[in-house]
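Here is a short briefing on one protein model. Please keep the sequence and the structure open while reading.

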Amino acid sequence: MHELNNTAMNIGIIGAGNIGSALAVRLTSLGHSVYIANSRGPETLQDVAQKTGATPVTAEEAAQRGTDLIVVTIPLKNIPDLPKDLFEGVPAEVPVIDTSNYYPMLRDGKMPELETGSLTESEWVQQHLGRPVVKVFNNIYADHLENKGQPAGTPGRIALPVASDDDAAKQKVMALVEELGFDAVDDGTLHESWRQQPGTPSYGADMPADKLREHLASLGTERTEAQHKEFLANHAKQEQAMADQGIQLK
């Protein structure tokens, strides 16, 4: 069982979209100090600040002031645009969460490294950021993240997969997931995090912990060519359905 963190933390959130805002609401309500940034500057975040209780800052300030935890939650295609020295001076033990998903049709355009399957989405992010990341919060709807957390032991409590190559960071983040009202399930290394990407059965499925563990185990650890094709095809169908509904991703 992960020890719940009852001490107030300083958390930086880079990205004020649906997931970033949902996390800000929940984390401030739990007593944490949240510093939130977007690409347009703090002055454009007054509404978000009012709704969430987070302090609007620049991306650099979010990285510096998130002394306990940093969340990067921006469109995948914008990751390379982040300042190159964003994490300069940020201690190595501060976990960096990556929530990103690859949406080639609706937002990101085709990225060859992700199409071939040699890299998972978060391995690609980790390469760009130049420090270990923890993959989580990418496979739950923002509304469910904000409103569906429940106390530990509640039957049917939603479980969230957490993957990272940095075990200490993963443990800290799993404790936070529990504090937010979800069961944290270890999804292995970042190379194994394809199991929680779009197009896979756990994406947006809100599975309970036992079912999620069983499902992840059933996929194996090394993604096969057949699995990669199948999940890309599923995701393409999901994207098409979203496009047909007029859903636009920022």
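The lining of the largest cavity divides into seven nonpolar, six polar and two charged residues. Here Ala, Val, Leu, Ile, Met, Phe, Trp, Tyr, Cys and Pro count as nonpolar, Asp, Glu, Lys and Arg as charged, and the others, Gly among them, as polar. This is a predicted model: local features need pLDDT of at least 70, side-chain atom pairs count only at pLDDT 80 or more, and totals for chains, interfaces and linings use all residues. Residues are numbered from 1 along each chain as its sequence is written, and side-chain values use heavy atoms, with hydrogens and water left out.

**Cavities**

- The largest cavity holds about 140 Å³ of space. On a 1 Å grid over the protein atoms alone, a cavity is a set of points where a 1.4 Å probe fits but cannot get out, and lining residues have an atom within 4 Å of a point. A volume is the space filled by probe spheres set on the points, which are joined across faces, edges and corners.
- Its lining has 15 residues; Glu-121, Gln-197, Arg-223, His-228 and Leu-232 lie nearest the centre.
- Helix α10 gives the largest share of that lining, five residues.
- The whole structure has three cavities of 30 Å³ or more.
- The second largest cavity has a volume of about 40 Å³. Among its lining residues are Asn-139, Ile-158, Asp-206 and Leu-212. By class, that lining has six nonpolar, two polar and one charged residues.

**Largest pocket**

- The largest pocket has a volume of about 1,400 Å³. A pocket is an open set of points with protein on both sides within 12 Å along at least five of seven lines.
- It is lined by 43 residues, and Gly-17, Asn-18, Pro-75, Arg-107 and Lys-250 lie nearest its centre.
- Helices α1 (18-29) and α10 (225-244) each supply at least two lining residues. The largest share, three residues, comes from α1.
- By class, the pocket lining has 20 nonpolar, 19 polar and four charged residues.

**Helix α6**

- Which residues of α6 are buried? They are Glu-121, Ser-122, Glu-123, Trp-124, Val-125, Gln-126 and Leu-129. Buried means under 20% relative accessible area, exposed over 50%, partly exposed in between (1.4 Å probe, protein chains only).
- That makes seven of the nine residues in α6 (121-129) buried.
- These buried residues pack against β4 (69-72), β5 (96-98), α5 (112-115) and β6 (134-135).
- Gly-130 follows α6 and has a positive phi, near 75°.

**Ala-226**

- Ala-226 sits in helix α10. This residue is exposed, at 56% relative accessible area.
- Ala-226 and Val-25 are 201 residues apart in sequence and 40 Å apart in space, C-alpha to C-alpha.

**Whole protein**

- The protein has 10 helices and eight strands. Helices (H or I, at least four residues) and strands (E, at least two) are DSSP runs, numbered from the N terminus.
- Of the 250 residues, 54% count as buried.
- Of the contacts with a separation of 6 or more, 70% join residues 24 or more positions apart. Contact means heavy atoms within 4.5 Å.
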